[in-house]
Every structure is written in C-alpha cells, then in structure tokens.
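Subject: Structure handover and findings

Dear colleague,

Please find below the structure that I am handing over to you. My notes on it follow.

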Amino acid sequence: MKKTLIAALLAGLGLSGCASGDSGALLGAGLTALQGFTLSKSQLQAEASLSAKQMDEENRLAPAGNAYSQRLARLTRGLTSIDGTPLNFQVYLADEINAFAMPDGTVRVYSGLMDVMKDDELMAVIGHEIGHIKFDHSLNQYKNAYLTSAARQAAAAAGGTVGALAASQYGDIGTKFLSAQFSQKDELESDAYGVEVLCQLKMDPYAAMRAQQVLMKHAGSGGGLFSSHPSTAKRIELAREAAANSSCR
C-alpha cells in the first residue's frame, strides 16, 4: 500500500524524475497531496501495529512473570477489546510517568506511572487511554504522524526509488505520535470514559480525580503524560463532576 501511495504522490507532483529542489517545499506539497488519499481505519491500524512493534523493540518490556506485568494483567483482566479492536497491554520498564494507546489496540504503561499510582488511579489513566482508541483520537493523531513521515520520505526520494518505510521510520512515527498533544475536547472526552471504565470494573470513580492530582503533583518531572496529556485544575474539577454523575451512582 505504501509504495503505491507514495509513487502515486510523486507522479502527481511530477517529482519522479526530478533530481533537485527545495526539500521543505516538496515536503509541504507531499503532505498536502498525501492527505488527499483515503486511508481506511484498518490500514492505519496496520501501520500503527508496525510502529508499536518497533517501539517495543526499542524499549525494555517487562517479562510476563515480572511483578509489574502481573499487576497490569490482574487489573486489566476482562478488558479484551474496545468496539471490535483487540486490546493488548504491556509494561515498559522505565522511570517515566507515562502511558499511551495506539489505534491498533496497543496499550503500554510505564513502570514509573505504576510506581506513583494506586490500582484504581492507574485504571483511571488506562481507561482514559482506551477512550482515545474508542473515540478515534489516537487514530487521527497517528494518521497525522504517518502522513507527515510518508510525505517527508517522498520529498527526500524525489530523485530516486521510493520504497517501503524502514523499521526505524516506524519508530520515528511512534515518537511523533507520543509527543503530539491531544485537544482539550479529546482529553475531556477520554477523561469521562476513564470514569466509566472505573464503574465497569466496580472501582471508585473518584479515582479519576485523584489520578489527575497525582499527575499534577509530579508535573515537575516533565515529559510523558505531562506534555501529551497536561493535567489542569479544570480537568481535576471536571473529573470530580464526571464521577458524581457517573453510572456508578
């Protein structure tokens, strides 16, 4: 799919035989053209799976027998899919306070986050991340990161042969995906869904509010959830309201 898509892009831009030119202009033109192509949800999920695979190889995954893995498996037992998308959970052994979910159902939780949160608070964050999958927030973020990288490759290869994205490029796409900040609307929608996940698991819905407070407390650490999912006083108050009005009550 990628070869056909990018080759068509180059042909449409008249770049296939061009040996020189401004790469920035080509990138901009390439991105604009790529955005005109239709990428189905299943295609984007397949691309996201390749990024997730590369990211797993670049990080230290906790083995199944590890205490972090066992805790995560216990907490997420029964959370097998969301709207037909299978979910898979694993732990990255790293001090970073972070978690993320990709549109293919990949959910990764950093041990640093697990260290600072109680079970119900952690599940509020995980439920929030699943919400990003449910409402296609992750899908849209990944699409933007993928199209930008594909356009960049098209611009760079204007005078040569365009091939499939390399494994390292999928890792780069994953990095761009993680660093992108969701809109406030997306965050609040996922916050509310995180509360509903707590209700489904018969956990305290107010744990979503406490999870936000924990993130605020550790905000000085920088990076991770603090940059891509910034916690604010407004989000804490709205989490409290969502808990008060949740299906748990």
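Arg-71 is buried, with a relative accessible area of 18%; here buried means under 20% relative accessible area, exposed over 50% and partly exposed in between, computed with a 1.4 Å probe on protein chains only. Please note that this is a predicted model, in which local features need pLDDT of at least 70 and side-chain atom pairs count only at pLDDT 80 or more, while totals for chains, interfaces and linings use all residues. Residues are numbered from 1 along each chain as its sequence is written, and side-chain values use heavy atoms, with hydrogens and water left out.

Side chains of opposite charge can pair when their charged atoms come close. The structure holds 11 salt bridges, a salt bridge being a side-chain nitrogen of Lys or Arg within 4 Å of a carboxyl oxygen of Asp or Glu. One of them joins the side chains of Arg-71 and Asp-119, at 2.9 Å from N to O. This pair links distant parts of the chain, 48 residues apart: Arg-71 belongs to helix α4 (residues 67–75) and Asp-119 to helix α6. Helices (H or I, at least four residues) and strands (E, at least two) are DSSP runs, numbered from the N terminus.

Asp-119 also forms a salt bridge with Arg-74, where the closest N and O atoms are 3.2 Å apart. Because Arg-74 lies in helix α4 and Asp-119 in helix α6, this pair ties together parts that are 45 residues apart in sequence. Asp-119 is partly exposed at 25% relative accessible area, and Arg-74 is partly exposed at 42%.

Arg-71 is also one of the buried residues of α4, which are Ser-69, Arg-71, Leu-72 and Leu-75. Viewed down the helix axis, these buried residues fall within an arc of 165 degrees, so they line one face of α4; the arc is that of the directions from the helix axis to the C-beta atoms. The buried residues of α4 pack against β3 (88–92), β5 (106–110), α5 (111–116) and α6, where contact means heavy atoms within 4.5 Å. At the start of α4, a side-chain oxygen of Asn-66 reaches to within 2.7 Å of the backbone nitrogen of Tyr-68.

**A second salt-bridge group**

The side chains of Glu-121 and Arg-210 meet in a salt bridge at 3.8 Å, N to O. Glu-121 lies in helix α6 and Arg-210 in helix α10 (residues 207–217), 89 residues apart. Glu-121 is buried at 6% relative accessibility, whereas Arg-210 is partly exposed at 25%. Salt bridges that share partners join Asp-120, Glu-121, Asp-204 and Arg-210 into one network.

**Aromatic pairs**

How many aromatic pairs does a search of the whole structure find? The search finds 6. Rings of Phe, Tyr and Trp (its six-membered ring) pair if their centres lie within 6.5 Å; planes under 30 degrees apart count as stacked, over 60 as edge-to-face and the rest as tilted. The ring centres of Phe-135 and Tyr-193 are 5.9 Å apart and the planes stand at 85 degrees, so this pair is edge-to-face. Phe-135 sits in the loop between α6 (119–134) and α7 (137–156) and Tyr-193 in helix α9 (residues 184–200), so the pair ties together parts that are 58 residues apart in sequence. Phe-135 is partly exposed at 29% relative accessibility, while Tyr-193 is buried at 13%. Elsewhere, ring pairs link Tyr-92, Phe-100 and Tyr-110 into a cluster.

**Backbone angles**

Most residues other than glycine have a negative phi, and most peptide bonds are trans. Asp-136, although not a glycine, has a positive phi of about 65 degrees. Asp-136 lies in the loop between α6 and α7 and is partly exposed at 26% relative accessibility. Asp-83 likewise is not a glycine and has a positive phi, of about 50 degrees. Asp-83 lies in the loop between β1 (81–82) and β2 (85–86) and is exposed at 56% relative accessibility.

**The disulfide**

The structure holds 1 disulfide, defined as a pair of cysteine sulfur atoms within 2.5 Å. This disulfide joins Cys-199 to Cys-248, with an S to S distance of 1.8 Å. The link is left-handed, with -120 degrees about the S-S bond. Cys-199 lies in helix α9 and Cys-248 in the segment after α12 (233–244), so the pair ties together parts that are 49 residues apart in sequence. Cys-199 is buried at 13% relative accessibility, and Cys-248 is partly exposed at 33%.

Yours sincerely

Terms used:
Polar contact = N/O pair within 3.5 Å; in protein donor to acceptor, adjacent residues only side chain to side chain.
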